[in-house]
Amino acid sequence: MHAGRRPDLVAFNDVRALLQASRLHEALAAAVRLTEAHPAVAAGHNILGVIHASQGDATSAAQIYSELLKEDGSNIAALAGLARCYISTGALDQAKQTLGMVPDAKKNDSAVAAARAALDV
């Protein structure tokens, strides 16, 4: 066990490590457990979306990001993730519209910048 750290933070870090190691099936299973144990933690759902997108499942990822945005329309990670899903499916106008929803103060966020760069390619 990781002494001195909250179990939900440990689980989140474990999911990120699995994702970074390209162990996507394990990351998906761990992310599902994380979101079931902590359904109100948006970061867990965001990483679940990232995993689905990494597996080429833009539809599932977009559904997750859309649900997050229903709860919090200013979730920058969800906006950027949804835009990336649209880009991956060729829905460029929808990606532009989604990125247009990002508040001016967050336009330089790294996830938003990455989505914009993918759109501009």
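**Group meeting talk: a walk through a helical model**

Let's start at one residue, Asn-75. Leaving out residues up to four places away in sequence, Asn-75 touches Ala-42, Asn-46, Leu-68 and Leu-69. Keep in mind that this is a predicted model.

Where does Asn-75 sit? It lies in the loop between helix H4, residues 58-71, and H5. Is Asn-75 buried or exposed? Its relative accessibility is 8%, so Asn-75 counts as buried, the limit being under 20%.

Next, a pair of alanines. Ala-43 and Ala-77 are 34 residues apart in sequence. In space, their C-alpha atoms are 8.5 Å apart. Ala-43 belongs to helix H3. With 32% relative accessibility, Ala-43 counts as partly exposed.

Now on to helix packing. Two packed helices are described by the angle between their axes and the distance between the axes. Take H5, residues 76-88, and H6, residues 92-99. Their axes come within 7 Å. They cross at roughly 170°. H5 and H6 are therefore roughly antiparallel to each other. Which residues meet? From H5, we have Leu-79, Leu-82, Ala-83, Tyr-86 and Ile-87. From H6, we have Leu-92, Gln-94, Ala-95, Thr-98 and Leu-99. Sorted by type, the residues of this contact are eight nonpolar, two polar and no charged.

Let's move to the core. The largest nonpolar core has 32 residues. Val-15 and Tyr-65 have the most contacts inside it. Which helices supply at least two residues each? They are H1 (7-20), H2 (24-37), H3 (42-54), H4, H5, H6 and H7 (110-120). H5 gives the largest share of this core, eight residues.

Look at Val-15 up close. Setting aside neighbours within four places in sequence, Val-15 is in contact with Ala-27, Ala-30, Ala-31, Leu-34, Ile-47 and Ile-51.

One last stop, and it concerns the backbone. Most residues other than glycine have a negative phi. Ser-22 is not a glycine, yet its phi is positive, about 60°. Where is Ser-22? It lies in the loop between H1 and H2. Is Ser-22 buried or exposed? At 59% relative accessibility, Ser-22 counts as exposed.

Note on methods:
Residues are numbered from 1 along each chain as its sequence is written. This is a predicted model: local features need pLDDT of at least 70, side-chain atom pairs count only at pLDDT 80 or more; totals for chains, interfaces and linings use all residues. Side-chain values use heavy atoms; hydrogens and water are left out. Axes are lines fitted to C-alpha atoms, for helices over the stretch in contact, and angles run from 0 to 180 degrees between N-to-C directions. Helices (H or I, at least four residues) and strands (E, at least two) are DSSP runs, numbered from the N terminus. Angles under 35 degrees count as roughly parallel, over 145 as roughly antiparallel, 65 to 115 as roughly perpendicular and the rest as oblique. Contact means heavy atoms within 4.5 Å. Ala, Val, Leu, Ile, Met, Phe, Trp, Tyr, Cys and Pro count as nonpolar, Asp, Glu, Lys and Arg as charged, and the others, Gly among them, as polar. Buried means under 20% relative accessible area, exposed over 50%, partly exposed in between (1.4 Å probe, protein chains only). A nonpolar core is a set of buried Ala, Val, Leu, Ile, Met, Phe, Trp, Tyr and Cys residues joined through side-chain atoms within 4.5 Å.
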